Amino acid sequence: MRPDSDCRLCGLCEGRTQIVLPDGNPDTGIIFVGEAPGENEDLEGRPFVGRSGKILAKMMEEAGYGRSEVLITNTVKCRPPSNRDPKPEEMAACRQFLESELYDAKLVIGLGRSACRDLMGYEGKMDEVVNKITTIRVKDRDVRFLPTYHPAATIYNKVSREELRKTIAMVAEELR
Ligand code: URA
């Protein structure tokens, strides 16, 4: 299930250039979930094509796979104004699309606090849950969930960078 190209389910429709749909391979069942499209994503219409996407793609390459082998998506499909965090009501409006993407997943990777809050209901510190696989409920199914840092949070932080690298390596094992 995908949003209509003129979706108006929440206020983010007012500022977007276009809706940013999932990108990559839905068949491996490995799905990375970020927060929301940023400026580059809004212009190109693909998730994670800006600075964060380059970090992610480089780490995947180092671990021996490419972004085209996994599915990459966001909790909301439209760019929030000035890249602010998506609001709970915006995430709730987009939830039906995210749930249909995640329903059959083998492993969902939550990139950063927003994704982990939305999908796990987790409000605490990322360092307490990072790289600990848990389960989340997607409609009537339990789906394996791997919480980790957002690539943007790894730019100036060596510890979170190493943790994200570990996540990417864990995913490489799942792909084998
Ligand atoms: N950050 C995100 O969370 N998602 C994107 O698509 C790009 C940057």
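Visitor: How many aromatic pairs does a search of the whole structure find?
Guide: The search finds zero aromatic pairs. Please note that this is a predicted model.

Visitor: Which charged ends sit over the ring of tyrosine 103?
Guide: The charged end of lysine 139 sits over that ring, 5.1 Å from its centre. The charged end of arginine 141 also sits over the ring of tyrosine 103, at 5.7 Å from the centre.

Visitor: Turning to the fold, what does the secondary structure come to?
Guide: The protein has five helices and six strands. Read from the N terminus, the elements follow the order β-β-α-α-β-α-β-α-β-β-α.

Visitor: What about contacts between residues at least 24 apart?
Guide: Taking contacts between residues at least 6 apart in sequence, 68% join residues at least 24 apart.

Visitor: Now the sheet. What is the order of the strands?
Guide: The six strands form an open sheet in the order S1-S3-S2-S4-S6-S5, and the pairing is mixed.

Visitor: Which strands stand at the edges?
Guide: Strand S1 (23-24) and strand S5 (134-138) do. Each has a single partner strand, so one side of each is left without a neighbour in the sheet.

Visitor: How many bridges join S5 to strand S6, and do they run parallel or antiparallel?
Guide: Five bridges join S5 to S6, which covers residues 141-148, and the two strands run antiparallel. Threonine 134 stands opposite phenylalanine 145 in S6.

Visitor: Does aspartate 118 count as buried or exposed?
Guide: Aspartate 118 counts as buried, because its relative accessibility is 18% and the cut-off for buried is under 20%.

Visitor: Which residues does aspartate 118 touch?
Guide: Leaving aside residues up to four places away in sequence, aspartate 118 touches Thr75, Met91, Arg95 and Leu98.

Methods: Residues numbered from 1 in each chain as written. Predicted model: local features only at pLDDT ≥ 70, side-chain atom pairs only at ≥ 80, totals over all residues. Heavy atoms only, no water. Phe/Tyr/Trp six-rings, centres within 6.5 Å; stacked < 30°, edge-to-face > 60°. Lys NZ or Arg CZ within 6 Å of the ring centre and 35° of its normal. Helix = DSSP H or I, 4+ residues; strand = E, 2+ residues; numbered from the N terminus. Contact = heavy atoms within 4.5 Å. Pairing = 2+ DSSP bridges. Buried < 20%, exposed > 50% of the residue type's maximum accessible area, 1.4 Å probe, protein only.
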